[in-house]
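Here are a few exercises to work through with the model open. Try each task before reading its solution.

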Amino acid sequence: MSTLPVYSWRLAPDGLATRRQLRAAGLRPGGQQVAAQVERPRYRRGPLVAFLYRIELALPVRPMTPARAAALAKANTARRTCPECCRDAGYVIPASLGMCVPCAYPEEQCAA
């Protein structure tokens with residue numbers, strides 16, 4: 001196993017990009033291996049690491065089809081629906097609660 005080249009923050013050579021940079025350009029890694037990594041030092045903690053991919057090997061982002069858009073809308077609706085009261089909460093239900101805030105704290109809602 002070969003080791004990856006490591007670059008300091010903002011010093012990566014041209015031709016390499018992170019996933020976010022590829023996505024902003026309308027590209028995706030497309031199954032290629034990580035080419036390098038960039039590290040950003042942090043105070044009293046380990047460095048932030050971002051993997052870099054070669055831009056010339058990146059592929060265009062797949063277009064959103066109507067079926068994929070419908071599946072995404074259905075998944076987002078499921079994340080907003082409270083399992084207790086079966087209503088759309090208007091926000092993503094917190095995993096820590098497992099239900100909408102009014103169902104999780106009913107005594108606080110009655111006092112208002």
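Two strands pair if DSSP finds at least two bridges between them; strands are DSSP runs of E with at least two residues, numbered from the N terminus. This is a predicted model, where local features need pLDDT of at least 70, side-chain atom pairs count only at pLDDT 80 or more, and totals for chains, interfaces and linings use all residues. Residues are numbered from 1 along each chain as its sequence is written, and side-chain values use heavy atoms, with hydrogens and water left out.

**Exercise 1.** Find the bridge partner of Val-38 in S5, then look at what else pairs with S5.

Step 1: start at Val-38, and you land on Ala-50 across in S5.
Step 2: zoom out to S4 (residues 36-42), which runs antiparallel to S5 with six bridges joining them.
Step 3: check the hairpin of S4 and S5; there are two residues between the strands, and Arg-44 has a positive phi near 65°.
Step 4: turn to S2 (residues 16-17), also antiparallel to S5 (residues 45-54), with two bridges. Here Ala-17 faces Tyr-53.

**Exercise 2.** Is Leu-4 buried, partly exposed or exposed?

Step 1: locate Leu-4 in the segment before strand S1 (6-8).
Step 2: recall the cut-offs: buried is under 20% relative accessible area, exposed over 50%, partly exposed in between (1.4 Å probe, protein chains only).
Step 3: at 34%, Leu-4 is partly exposed.

Definitions and conventions
Helices (H or I, at least four residues) and strands (E, at least two) are DSSP runs, numbered from the N terminus.
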